[in-house]
Protein chains: 6
Amino acid sequence: MEHRWNHFDEAGNAVMVDVTEKEITVRTAAARGRIQVSRPVFEAIAQGTAAKGDVLGVARVAGIMATKKTSELIPMCHPLMLTKAAVDFSLKEETGEIEAVCTVRLAGRTGVEMEALTGVTAALLTIYDMCKAMDRGMVLSDICLLEKSGGKSGHYERQGI
Amino acid sequence: MEHRWNHFDEAGNAVMVDVTEKEITVRTAAARGRIQVSRPVFEAIAQGTAAKGDVLGVARVAGIMATKKTSELIPMCHPLMLTKAAVDFSLKEETGEIEAVCTVRLAGRTGVEMEALTGVTAALLTIYDMCKAMDRGMVLSDICLLEKSGGKSGHYERQGI
Amino acid sequence: MEHRWNHFDEAGNAVMVDVTEKEITVRTAAARGRIQVSRPVFEAIAQGTAAKGDVLGVARVAGIMATKKTSELIPMCHPLMLTKAAVDFSLKEETGEIEAVCTVRLAGRTGVEMEALTGVTAALLTIYDMCKAMDRGMVLSDICLLEKSGGKSGHYERQGI
Amino acid sequence: MEHRWNHFDEAGNAVMVDVTEKEITVRTAAARGRIQVSRPVFEAIAQGTAAKGDVLGVARVAGIMATKKTSELIPMCHPLMLTKAAVDFSLKEETGEIEAVCTVRLAGRTGVEMEALTGVTAALLTIYDMCKAMDRGMVLSDICLLEKSGGKSGHYERQGI
Amino acid sequence: MEHRWNHFDEAGNAVMVDVTEKEITVRTAAARGRIQVSRPVFEAIAQGTAAKGDVLGVARVAGIMATKKTSELIPMCHPLMLTKAAVDFSLKEETGEIEAVCTVRLAGRTGVEMEALTGVTAALLTIYDMCKAMDRGMVLSDICLLEKSGGKSGHYERQGI
Amino acid sequence: MEHRWNHFDEAGNAVMVDVTEKEITVRTAAARGRIQVSRPVFEAIAQGTAAKGDVLGVARVAGIMATKKTSELIPMCHPLMLTKAAVDFSLKEETGEIEAVCTVRLAGRTGVEMEALTGVTAALLTIYDMCKAMDRGMVLSDICLLEKSGGKSGHYERQGI
């Protein structure tokens, strides 16, 4: 079986893979993740969005700033000039979860999946940080790529979201 | 109901909370997370650890380096002088998951939960990055604090791991 | 006349001055600055604080995060483990100015004036950035140290604030 | 009244605005700022430029390096590949002020005002840092955009400089 | 004699030189360096590559990540979007040296020599760090540019390598 | 033979080694390195130190700032609160070399060799950068630890400097 590693050379050594010859196209990616919180935390967050103690406002800034740090965190990621980054939250009343979606865009030579995943993760970790005095048992889960477009590998859309 | 926010002042504004008067004690934290991968990815990773294409070796370095970047990523985290950071992986043959545990330690005025969580997350995202050409459907989950000790809030150990 | 440079050696070369032997004491600093904005910008900011378009919320996060980057920006600053950072705003209705005050604290060997000044400046620059589509003529001014305490040089309080 | 926020979406959430479709054009920006210093500090700086204790040399390096950190400091700024950055100082004998002007340039999809403003501010803060043992009362003021060109919003030139 | 400084303006002030009008071409650079180690260190490294204690694996990641940090370290370097980075090692049995070569590539307006040199240096320093408990006398040497291509200054190849 | 790796655990995995229990002592380190330059470059640098085109002034700032970035560059280095950093140059007329020595100090739990070595290397690379338009054949060499003190491993002094 032949593995299609994208970040190792033929000798098995890690490499920031050569994308110099790739075409510059518009590329987008959206990633999603959730954090399961206790009921008091959920209600505190829900109330904060409207007024004081805006947990999600801080987490959104953290997520957007983290997309710009992706190539410093993920060793083989190319530095990229993102031209859009956004983080949106939805409060899942029935399950007590906060869902975050991070959307990233650029015109460049390589995709932005990692930037979207890094943004969503940093946003969720920030929620954890700001609520941890109330609850240390929060769990992050379902962090995955929802969709990507652009580039040679084409369009990807997650099934059964 | 009174919320015990640790990162907002009385006016509801975000703040890097004052820990100046807290005692310097030895503090540790361990966090855990998993990534669900396809069978070919699982096997490629398992083979790589022994020889070429060492995905976990790169992910370990990424995780350790990320613990040192926590206060740059999580807005209200204090800068900390970590005195230990480690990332360990286990391959869950039966479920096709890679599990990562990040352990962090310091003698300081505030806990290191966020550092452990940031380290484990960066390690898992690096696995995603290095295998994404084979499988874009990988999912990160079960990212949580396993244990912490030190400081006034005392010992925490996750139940029913 | 003998100049008391704190960041040059006897040969006139820049140096990160030796503070190894200085005592660890609690040190605080507060810095202040203002941004003069047009009336429409002022009103938009005032409305945003209560609900949507929270300019000051984003600027506060930027200011707090910038305090942690001070030693990366100011060449001869020592890296410091801040134990508190906060940014407060007041809206000066009569003059159309937004005032920011950044307060920083730590127990350490050297003062935190530069951290407070860096925090207040980054907060004001963020206000500029988020409002610049409405008005490019905004001016930052009156950026200065309000107060510092701790260390051998003792207490400083700005006269005639 | 409709506010033309450039960094909030319709729901009022902060966003790194989408500039993907904007044209790549040459864009320049120049920003200016001043620091008011005491007479002994002024003279020390003036003497230093010619020989030892080169405060302005260090401040220039700090300003240029800070332009490259803009997108790490200002949350909604796009990462940009600057193709020029310079900082110039003039000594205002009559008022005891040091004036700094930072000029930035690139061929890109969005303007470089924030980079010029960040550069000029970091340069002035570095002057403060290097002279603060002599005088803690220094004040930064008049930090503003002098001129910008390129892009759809066109040319801007500050009136009554 | 006229000096062709590339990083000073006519007044002798440091500047990040204007490359805005330069053509975008494919540019590559390769740099090399060596570390002289003691025999026990050499053998430990040689054994580690095959199994446990993979010094070179960690050093390779460090070198690749450092190429992306070049413009943060070298004050007048332009920020660049590298499209390839690799580090290769060879073990010189006869001399007890480890040789590192770093290769970098991009399509851009300025060359990548400094990125290649920074990558090779960080890789060698990481070897030093990981072996320093065994031997503090290791020496880095022969760090130089091997080859560069692209841009107006054309092809350069080191003679007598 | 048993290797005393300081940055691998018993399983051979890289780790940021636990120094939590180490004593806080004053620790210093000095590192040295050289860059061989052509005669025109040497003369240009020598003239620049006295007046315009101050290559060594910029390189000194770069070296000092790099000491603060060590733990971001060298994967297993602990983040440290340096309390002194300096870089000194000497011009070796007879050999056409510039020599740099970087001295670092702190009161902490682990040594600062890597900080001194990183500082000296960044200073030399900056000289290369600023002179490379005149000469691409410059070579960095003899980068080594001169001396260290403090901590359990005690005093080290390089023989036959």
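Chain C and chain E make no contact, and their nearest C-alpha atoms are 9 Å apart; two residues count as in contact if their C-beta atoms, placed from the backbone, lie within 7 Å. Chain A and chain F are likewise not joined by any contact, with their closest C-alpha atoms 9 Å apart. Chain E does meet chain B, through four residues on each chain. On the chain E side, these residues are two nonpolar, one polar and one charged. Here Ala, Val, Leu, Ile, Met, Phe, Trp, Tyr, Cys and Pro count as nonpolar, Asp, Glu, Lys and Arg as charged, and the others, Gly among them, as polar.

## Basis of the model

This is a predicted model, in which local features need pLDDT of at least 70 and side-chain atom pairs count only at pLDDT 80 or more, while totals for chains, interfaces and linings use all residues. Residues are numbered from 1 along each chain as its sequence is written, and chains are lettered from A and ligands numbered from 1 in the order in which they are written.

## Chains A and B

Chain A is superposed on chain B by a rotation of 180° with 0.0 Å of shift along the axis, at an RMSD of 0.0 Å. The two copies are therefore related as by a two-fold rotation axis. In chain A, the residue closest to the rotation axis is S141(A), at 1.9 Å (C-alpha). Because 100% of the interface residues of chain A are also interface residues in chain B, the copies meet through the same surface.

## The α4 helix pair

Helix α4 (residues 113-131) of chain A packs against helix α4 (residues 113-131) of chain B at an angle of about 160°, with the axes 11 Å apart. α4(A) is therefore roughly antiparallel to α4(B), a term used for angles over 145 degrees. The residues of α4(A) that meet α4(B) include M114(A), L117(A) and T118(A). By class, the contact of the two helices has eight nonpolar, four polar and two charged residues.

## A100(C)

A100(C) lies in strand β3 (residues 97-108) of chain C. A100(C) is buried, with 27 other C-beta atoms within 10 Å; the cut-off for buried is 20 or more. Setting aside residues up to four places away in sequence, A100(C) touches R32(C), G33(C), G63(C), V87(C), F89(C), V120(C), A123(C) and L124(C).

Technical notes:
Copies are superposed by least squares on the C-alpha atoms of residues with pLDDT of at least 70 in both. Axes are lines fitted to C-alpha atoms, for helices over the stretch in contact, and angles run from 0 to 180 degrees between N-to-C directions. Helices (H or I, at least four residues) and strands (E, at least two) are DSSP runs, numbered from the N terminus. Angles under 35 degrees count as roughly parallel, over 145 as roughly antiparallel, 65 to 115 as roughly perpendicular and the rest as oblique. A residue is buried if 20 or more other C-beta atoms lie within 10 Å of its own, exposed if 12 or fewer, and partly exposed in between; C-beta atoms are placed from the backbone.
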